[in-house]
Amino acid sequence: MGILSPGPLWLVLPLLVALPRTSLALWLLDTPEPVCSQPGLNCTVENSTCLAESWFSPPNMTPSFPKDVNIRLGFEHSRNGNLFPVVHIEWKVWTDGSILFLRGAELSVLQMSTNEQLCVEFKFLNQLQHQVRPDLSRWHFAFDNFVVEPGQEYEITVQHLPKPKPNRDPNHESLPFRVPDCRDPRMKVTTPCMSSGSLWEPDILVERLKNNSLVVSFNLWNESTFYKILVNGFPNTETNSCYEEVQYINQSREEDFHHRTNVTFLLQNVNACCQYSVQTLLK
């Protein structure tokens, strides 16, 4: 937001960009292809309804909870080359006797703003016979295909299968995960943020003319979009607005992309308003 007050006619104002919400539906990236098989274990990764079979018929013996669950922000390219933020999930297995009852794992991502949940299941095709891998390291697994949205909060859960009976000790671990918004340097170059104008350089200029009009000039983005330009006027010593006007423009012609455009406001209450703020937003 910039403040314009009597004085110089031309001022360079910073831009306040309200990036539009991208698609909030949870989905899985098609690459890299998830792999959970390793020496000593045949395993497949399948889409899940988030209702494992053990929900309905829990067994008497169940495995321990996951060890050293780690989640972090990652970035992966889709098959068509677009770059998306993903949540990287990895965990290990305890070296105790309960490993004989481990049949797989369910990974779930819960989006807090919509309460939407998406799950995948690591399904073991054979029983683990040893507490460690053939190379004597712990059994460990990872997954990188849950796409996450800029600025959103999630709950990530790793659930060992089968699930225990009610009132038994849980064998899962849940962690909160917050994704940076498009102001983060790592996020700016992702496809969702670039589509929202994260790399837009508007170079805003504002001119107050002698006929009490205000001209706002800025560079257009390189995609068809709506722009919202908001002007507020304020008395010199008060914060209550004495003038407000909004204009919308729709720039859909490709030949206009990256060109400059002007928007003119006819100011009112010029005797009462001593300074003005200008906001330009992508819609």
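**Figure 1. Pairing of strand 7 with strand 10 in the predicted model.** In strand 10, His-160 is the bridge partner of Ala-105. The coordinates shown here and in the other views come from a predicted model. Strand 7 and strand 10 (residues 153–161) run antiparallel and are joined by 8 bridges. Strand 10 also pairs with strand 11, in the antiparallel sense, over 7 bridges. In that pairing, Ile-156 stands opposite Leu-175 of strand 11.

**Figure 2. Hairpin of strand 7 and strand 8.** Strand 8 (residues 116–124) runs antiparallel to strand 7, and 8 bridges join the two. Ser-108 stands opposite Cys-119 of strand 8. The hairpin has 4 residues between its strands, and Asn-115 takes a positive phi near 65°.

**Figure 3. Burial of strand 7.** Because 8 of the 8 residues of strand 7 (residues 104–111) are buried, the strand is largely enclosed by the rest of the structure. Both of its faces are covered. One side presents the buried residues Gly-104, Glu-106, Ser-108 and Leu-110, and the other presents Ala-105, Leu-107, Val-109 and Gln-111, also buried.

**Figure 4. Disulfide of Cys-50 and Cys-119.** The structure holds 3 disulfides; in the one shown here, the sulfur atoms of Cys-50 and Cys-119 lie 2.0 Å apart. The link is right-handed, with 110° about the S-S bond. The pair links distant parts of the chain, 69 residues apart: Cys-50 lies in the loop between strand 4 and strand 5 (67–77), and Cys-119 lies in strand 8. Both Cys-50 and Cys-119 are buried.

**Figure 5. Disulfide of Cys-36 and Cys-43.** Cys-36 is joined to Cys-43 with an S to S distance of 1.9 Å. The torsion about this S-S bond is about -100°, and the disulfide is therefore left-handed. Cys-36 and Cys-43 are both buried.

**Figure 6. Disulfide of Cys-182 and Cys-193.** Cys-182 and Cys-193 form a disulfide in which the sulfur atoms are 2.0 Å apart. With -85° about the S-S bond, this link is left-handed. The pair links distant parts of the chain, 11 residues apart: Cys-182 is in the loop between strand 11 and helix 1 (185–188), whereas Cys-193 is in helix 2 (residues 191–195). Both Cys-182 and Cys-193 are buried.

Definitions and conventions: Residues are numbered from 1 along each chain as its sequence is written. This is a predicted model: local features need pLDDT of at least 70, side-chain atom pairs count only at pLDDT 80 or more; totals for chains, interfaces and linings use all residues. Side-chain values use heavy atoms; hydrogens and water are left out. Buried means under 20% relative accessible area, exposed over 50%, partly exposed in between (1.4 Å probe, protein chains only). Two strands pair if DSSP finds at least two bridges between them. A disulfide is a pair of cysteine sulfur atoms within 2.5 Å.
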